[in-house]
Amino acid sequence: MENNPTKNNFFDQATLDRFCIDHAGIGIFQISEETGQILNVNRKVCTDLGYTREELLNMTIFELDTAFSDGDIEKWRQHRQNIKERGGGTIESFHKCKDGSVIPVEVTITYITFQGKSLAFSFSKNISKRKKIENALKNSEKLFRTTLYSIGDGVITCDLNGNIQNINKVAENLTGWIEKEAKGLPLEKVFRIINEHTRKKVINPVDKVFAEGKIVGLANHTLLISKDGRKIPIADSGAPIFSDEGNITGAVLVFRDQTEERQQQRELEKSRNYLSTLMNNLPGMAFRCKNFPTWNMEYVSKGCEELTGFKPEEFIQEDQISFSSLIHPEDLSQIWETVQNAIQKKKPYQIEYRIRTKDGTEKWVWEKGEAVFFEGNKVDVIEGFITDITERKNFEKKLKDNDQLKTAFLQNVSHEIRTPLNAILGFSELVKLNDIPQKEKNDYLDIIQSNGQKLLNILNNVLELSKIETGDIVITPTRFQLNSLFNELLSIFSIQAQEKGLKLIFSKADTNNLTIFTDYTKLDQILTNLISNAIKYTEKGEIEIGYFKKDRNILFFVKDTGIGISKSQQKKVFERFYRSDDPKTRNHDGVGLGLSICLGLLNKLNGEIWLESQPGKGTNFFFSLPAEFTLA
Ligand code: ADP
């Protein structure tokens with residue numbers, strides 16, 4: 001270089017060159033190719049490394065470059081030789097700074113020939129920043145790959161053309177394609193999906209993502225067909241990938257194997273169906289309700305309609321019927337207490353109570369339930385089951401009644417038997433006496449006979465009733481004229497009636513000697529009971545008997561002008577052993593079986609019995625029988 005001043009500058013060229021070199025933004029070294037001694041450096045090297053120029057000129061490359069800090073000069077010479085042979089080159093290395101830190105550098109070695117001599121210049125660039133960015137990029141890529149490959153779902157990324165870029169292990173397993181084969185292929189080749197039901201191809205999810213430019217959940221019931229033809233149920237979603245500028249650069253597809261999930265779903269559905277079928281077929285209603293005195297329902301099974309007459313919706317809609325409105329008011333507080341006690345003990349409860357159904361019928365129900373708790377002690381809901389036990393309750397009542405009846409029966413029978421029996425025994429003793437006139441003896445024998453008859457009647461009645469009760473009774477229907485039966489009865493009872501000063505009238509008005517097809521003896525028995533009662537409970541006036549036709553039935557009546565039966569007793573008179581407490585009744589013989597026998601017989605003959613009565617005025621017993629008896 002010539003040492004002349006340049007045309008327009010104060011400095012000569014050499015000074016200017018030196019200035020430029022010194023202030024260049026890049027470090028410049030000159031190193032002895034022989035020894036590695038640093039021969040020259042510019043200012044940038046000093047500022048980069050923290051040494052003074054003098055210090056650096058006393059150092060070798062071995063103290064500076066970490067790649068050669070072992071001082072192996074031969075290795076270094078070989079390295080330089082290689083570069084020299086290539087006419088120069090760029091390498092990356094690390095330079096040690098004075099403060100002990102190490103900076104990454106990019107060194108470009110250039111050879112020039114000066115005055116026949118080959119000179120090497122190294123231009124070093126501190127690349128710390130670049131390295132940092134590179135590292136960050138590497139790290140984020142590593143993170144991306146680690147995330148992508150360790151994710152439990154299948155993930156496929158595509159470029160803007162819909163060609164596959166990455167495919168993780170799960171996606172490899174599901175599609176049957178490995179990443180190496182799949183890379184660059186169009187998505188639909190690897191990710192083949194059809195609709196589970198129609199078996200038709202489903203729209204390529206990535207196209208959908210590109211079209212909508214947002215995350216899309218993909219169709220349900222999708223089957224993925226893997227490379228080897230397996231059909232795997234999947235759930236999937238796709239999302240676009242955006243550049244910093246907000247442009248879509250690709251798409252990510254995430255999908256997972258739903259085989260198990262769907263199996264579980266099916267199982268769940270199956271068990272749900274099973275449970276609801278079970279619940280809906282239970283003879284009663286399953287329920288869930290709040291723990292409020294209104295017992296408002298949150299859920300009731302179908303059985304509620306049969307139990308209560310109300311449809312399930314009527315209990316759970318907005319304007320719902322509260323279950324408590326069905327409960328018998330007398331039972332409400334007992335239910336509340338039972339449930340609250342059970343809640344306190346965290347135990348199930350059982351209770352029986354009465355409800356009134358939609359049509360007003362009263363039913364007995366049995367309920368078993370249990371509270372469902374949350375956060376330890378707070379009651380969420382009560383869940384349980386209610387079933388109809390009316391029949392059982394009635395049966396229990398019947399059993400109880402029967403028990404009472406048995407006792408009453410024994411008491412009544414023994415009482416009723418004792419009276420005539422005592423008479424028989426007493427008068428028999430008298431008859432045995434020798435010094436009694438024959439006339440008196442005959443009177444005693446009459447008494448014995450009539451009491452024997454009473455005894456026989458009682459026993460006959462008891463026997464008859466027990467036959468009716470056990471079903472041990474045979475109906476033998478025959479066709480006969482009713483007038484003849486009535487005339488017969490008239491002749492039998494007229495004497496008795498006359499003895500009491502009563503008139504017995506067979507009322508033939510509007511009857512034409514009808515015939516009937518029924519059991520003669522049983523009908524005779526019913527009329528006999530009613531007529532003898534009428535005579536028994538009438539002191540003056542008349543007894544009118546008769547019949548008339550009504551539709552397909554014949555209506556019979558026995559009407560008296562006797563003591564009558566109070567309203568409250570009218571139903572009871574048909575109960576077994578029932579006898580009015582009225583002393584007027586008690587004055588007469590009887591065990592309270594006659595009317596229950598009538599009722600029992602009429603049941604067997606498909607008939608009905610009822611009465612109209614006014615105490616002190618008289619009673620009118622009616623009963624109806626089908627004109628033509630048929631077996632029910
Ligand atoms: P019993 O006459 O043997 O007492 P029943 O079964 O025939 O038994 O009658 C039951 C009860 O019904 C009688 O005790 C009586 O109180 C009442 N009763 C039945 N028939 C009449 C009637 N015609 N008038 C008034 N009370 C009657």
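Me: What separates the centres of domain 2 and domain 4 in this predicted model?
Reply: The gap is 102 Å, taken over C-alpha atoms. For orientation, domain 2 is 151-263 and domain 4 is 394-460. The other parts of the division are domain 1 (13-128), domain 3 (281-388) and domain 5 (473-626).

Me: Why are helix 18 and helix 20 called roughly antiparallel?
Reply: Take the angle: helix 18 (residues 520-536) and helix 20 (residues 594-604) pack at about 150°, their axes 10 Å apart. The label is for angles over 145 degrees, so the pair counts as roughly antiparallel. As for handedness, helix 18 passes helix 20 in a left-handed crossing.

Me: How do you know which residues of helix 18 and helix 20 meet?
Reply: Contact here takes heavy atoms within 4.5 Å. From helix 18 that brings in Lys522, Gln525, Ile526, Asn529, Leu530 and Asn533. Their partners in helix 20 are Gly594, Leu595, Ile597, Cys598, Leu601 and Leu602.

Me: What makes up that contact of helix 18 with helix 20, in nonpolar, polar and charged residues?
Reply: It splits into 7 nonpolar, 4 polar and 1 charged. Lys is on the charged list, so Lys522 in helix 18 goes there.

Me: Where does the UniProt annotation "domain: PAS" fall?
Reply: The unreviewed UniProt entry puts it on residues 140-213 and 271-346. In the model, residues 140-213 are 46% helix and 19% strand, and the end C-alpha atoms lie 25 Å apart. For residues 271-346 the span is 50% helix and 12% strand, with 28 Å between the end C-alpha atoms.

Me: Which residues does UniProt list for "domain: PAC"?
Reply: Residues 218-270 and 349-401, again from an unreviewed entry. Over residues 349-401 the chain is 23% helix and 60% strand, and the end C-alpha atoms sit 29 Å apart.

Conventions: Residues numbered from 1 in each chain as written. Predicted model: local features only at pLDDT ≥ 70, side-chain atom pairs only at ≥ 80, totals over all residues. Heavy atoms only, no water. Axes fitted to C-alpha atoms, helices over the stretch in contact; angles between N-to-C directions. Helix = DSSP H or I, 4+ residues; strand = E, 2+ residues; numbered from the N terminus. Parallel < 35°, antiparallel > 145°, perpendicular 65-115°, else oblique. Left-handed = near helix turned anticlockwise from the far one by under 90°. Domains from an automatic or database assignment. UniProt positions renumbered as here; feature names shortened; annotations may be inferred.
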